[in-house]
Amino acid sequence: MNPQGSDAQPPPGTTTAPLATDTWSPLRHQIFQQLRQTIWEMESSADIDQVLEILYRGLKELEVPFVGCAVNQVDDSLISLTVRSGTLATKGWVQACPDDPAIDLIARCWRSQQLCYRRDLDHEDLYGERERLQRAAPIRAVVDVPFSHGTLSLTSVAPEAFSARDIAFLEELTALLSDGFRRWEDLEKLEQRAREAEALATAISAVYRGRELGQVLQIIAQESAQLMECNLVQLLLYDAHEKQLVVSAQVGHDWALLRQIRVVPGLGLSGHVFSTGQPYLLDDPEDPIVSPYDPEIQSLLDQATLDRSGPTGRMASVPLWSRGEVIGVLTTGISNKVRDLFDLGLLEQLAAQASLAIERAQHDRELSLSLALQQVRNQILQMEGPQDWQQVAEGCFRELRALVSCFHCSIQLIDPVEGTCSCYFSDGEGVRYSAQYPMPPKLRQVVATGETCYRRTRAAVEEFQDDLGPEVKCVVDAPFWGGTVALSSTLEHAFTAQDLAILERFAQVISEAYRRLEDLKELARVQLLLQQAQKLEAVGQLTAGIAHNFNNLLQANLGNIGLAMDEASPQVQQYLQDAAATTKRGADLIRQLMLFSRTAKTEPYFRPLNLDVVVRNTVSLLRTTIDHRIELEVDLPPDLPLVQADTGQLEQVLLNLYLNARDALEGVERPVLFIRTTAQPICQAGPGEATPREYVRLEVRDNGRGMDSGTRERIFEPFFTTKDVGWGTGLGLATVYGILQRHQGWIECHSEAGQGTLFSCYLPVAAEEVALMNAADTPELPRGTETLLVIDDDELVRRSTARILTKLGYQVLGAPDGLSGLEILEEKKGQISLVLLDLSMPGLSGREVLRRIKARQPKLKVVLFTGYALAQGELEGVMGIAEKPFSTGQLSLMVRRVLDA
């Protein structure tokens, strides 16, 4: 740009006499020496002004005829060439206007490194500059002398004002001027690097001194602004919840306004850098990378005043990396003064410090969060009931507020059945409790989906129908099984993705409190059930002992009745038959009582059974125990196939189903319990079976209150019961389910609320038809002459048994205990054909006696007497089991069968 002003302008038409040659040369030499000395003594880039001042003074002292003098510094490192000029008379640098026609002339001269002398603009105006230059003064002559960094430009009001000596002197001056600007350039680079190092050191110091993250990011933004000598810097972090970039630190903007700006990844300069992960230098505002402009970039470009001499469109943006992912961007403007010295690597280093600060803050936050959650867990572990929610809420809110800024905290506990909520909430001054109130319509959906619900604006809060004051601008609910933990704020968009992640972690811990209370309730219920089960076990053990002793009494009665009937008159026989029938009914009653202990002590004894007999025996007992208002209907068709089952366990199945039906009939106006077996076997595949087989179906139906689908799906779960505490163990139907599985069968349930219940039990048909042993006494009883040994501690049982066997022709020996029996066996070794051994005896038990018999005489046949429930295969070496009380006919048949085996 050509100088137009003058500090000593002579009147038009006058000239100044040139210095004499003898004076001009020493003065020229002196000026050159001063310039060289000043250049070598430069200590900062600002010292270039001293060089230019000496140059200007030298031109004046040598009486070079100029009215204006300027140094034009040319920069073509950008897309568009720029020129800034320093007018030596007034000092200071001025940025040339991009459309100034002088720029092209100066650039042409500089690029060609050829002097451009316009001797008389009035005579010849090759570059069309006469009118522009003569606006301030009647400029006639102009000369531009190129040097390394631009041109030295002089103007004069006289035509052909500059002599050959002047031109030569100017060319010599520009050579020194090039040295000065090279020195200036080196010093400016050193100063820039020093500023960069200082800025980086400041950022590193802020990171490692453990300052709060927001302060560290703001320091990095300020240092970036100072380095770029601009007042527009933004540091944006990615919010994973909103899936947008949010301003976290800035320079040169209204912070309240920036909090609302959200940059979409891929849009604008910052969005582009975030998406690509690559730094980007923006030289042209029309660059397609920022078109269309997003609000953040548009704001930067609209407000950009990057130095005092005018705006620029040059900007830079670099990504922030953490653990292999881009987490944000640092975007800044670049002033014209420093743009030639700018290095993207510096911004990347500052961005790396920002990333490090973020990682450190995340680590500290995670540590603080872990400690906070552990504090809440410690309080949860002390919970003993719902009354302890207050203490847990206080601890939760205290720890949560230390990590996340908020207006209100709350824990909402929901009752989905009743459709109500109860709430513990805090405004920072304590915890208050709000009793049950109607559940907000959309809150149920939040808990059901398990997804955090963030209402970012007041409009969203109102749409959600939150019953909150007008000061609340945003709300977030983090659900757990049983409710939500919620935060609110008086600012819109107040909570970041990190805040939401912290809230969700707290919700998980509060869920542990909810589950603990549920577990405590379940534990209390199971403890009660265990106490009931222990009581039942004690009853079963007591029942087994009583049954054993009672069976011994019944055995003695039944045996003696049988002997007496052979010798009594017809009239007396009738009395004895009634006594025998009564004794058998007592035996049936004892057999039912044995159900309490049988399955706990023995493995099931599967054998072909007539289901009709088992059902009728159980119904007979049932009629004496259940409410007589319940009408029993039994449909048992004859000639059913035999089923492969254990008698005792099958009786337990029926008894549990009967008792379950009895409870379901409570409150029914006309209760009916209907029992039926199918007349024909069913051929189908059981659960898990591919091949069909034959089953007999047993149905137990009632007209009680029925069950809903939720109850029906859980009825076979252990300990599940719909009865009040103390009235049910929840084991009955679970036991039925397990027994039928062991029988290779299954059970089905069909029920509707208010429509009664039908249980269908499926039992496999026996593989072979086996004739049942006739339990009734027959006139023709099998007899024998072998020698038998009866070992029983009950004298009445031993004596009646010996009498029966003697009457049947056998030789009978008796022993009151196990030792005596072993002595007799040793004494009569080889003479005894069969031992009838009582299982329960004092001293040496029946099991021990059996073990010793098999050790000494392994081929000796043994039949057990027992008043307990016992399976056929439970004791090895036993060929028969006679359950007390047994009749004369049963005893004779068993003894003969074993002897003949």
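Colleague: What makes you say that β18 is largely enclosed by the rest of the structure?

Modeller: Seven of the seven residues of β18 are buried, so the strand counts as largely enclosed by the rest of the structure; buried means under 20% relative accessible area, exposed means over 50%, and partly exposed lies in between, with a 1.4 Å probe and protein chains only. G483, V485, L487 and S489 point one way from β18, while T484, A486 and S488 point the other way, and all are buried. This is a predicted model, in which local features need pLDDT of at least 70 and side-chain atom pairs count only at pLDDT 80 or more, whereas totals for chains, interfaces and linings use all residues. Residues are numbered from 1 along each chain as its sequence is written, and side-chain values use heavy atoms, with hydrogens and water left out.

Colleague: What makes β15 and β16 edge strands?

Modeller: The open sheet has six strands in the order β15-β14-β13-β18-β17-β16, with antiparallel pairing, and β15 (431-438) and β16 (453-455) each pair on one side only.

Colleague: Why is one side of β28 and of β31 left without a neighbour in their sheet?

Modeller: In the open sheet of five strands, ordered β28-β27-β29-β30-β31 with parallel pairing, β28 (811-815) and β31 (880-883) stand at the edges with a single partner strand each, so one side of each has no neighbour in the sheet. Further in, β27 (residues 787-791) and β29 (residues 834-838) pair in the parallel sense over four bridges, with I791 opposite L837 in β29.

Colleague: Why are α2 and α5 described in terms of their relative direction as they are?

Modeller: The axes of α2 (residues 48-61) and α5 (residues 164-208) come within 10 Å and cross at roughly 170°. Axes are lines fitted to C-alpha atoms, for helices over the stretch in contact, and angles run from 0 to 180 degrees between N-to-C directions; those under 35 degrees count as roughly parallel, over 145 as roughly antiparallel, 65 to 115 as roughly perpendicular and the rest as oblique. The two helices are therefore roughly antiparallel. Their contact, meaning heavy atoms within 4.5 Å, is made by I48, L52, L55 and L59 of α2 and by F169, L170, L173, L177, G180, F181 and W184 of α5.

Colleague: Is D144 buried or exposed, and what about P288?

Modeller: D144, found in strand β5 (residues 141-147), has a relative accessible area of 1% and is therefore buried. Its side chain joins that of R118 in a polar contact of 3.0 Å and that of T151 in one of 3.4 Å; a polar contact is a pair of N or O atoms within 3.5 Å, where, within protein, one must be able to donate a hydrogen and the other to accept it, and residues adjacent in sequence count only if both atoms are side-chain atoms. P288, in the loop between β10 (280-282) and α9 (295-303), has a relative accessible area of 65% and is exposed.

Conventions
Two strands pair if DSSP finds at least two bridges between them.
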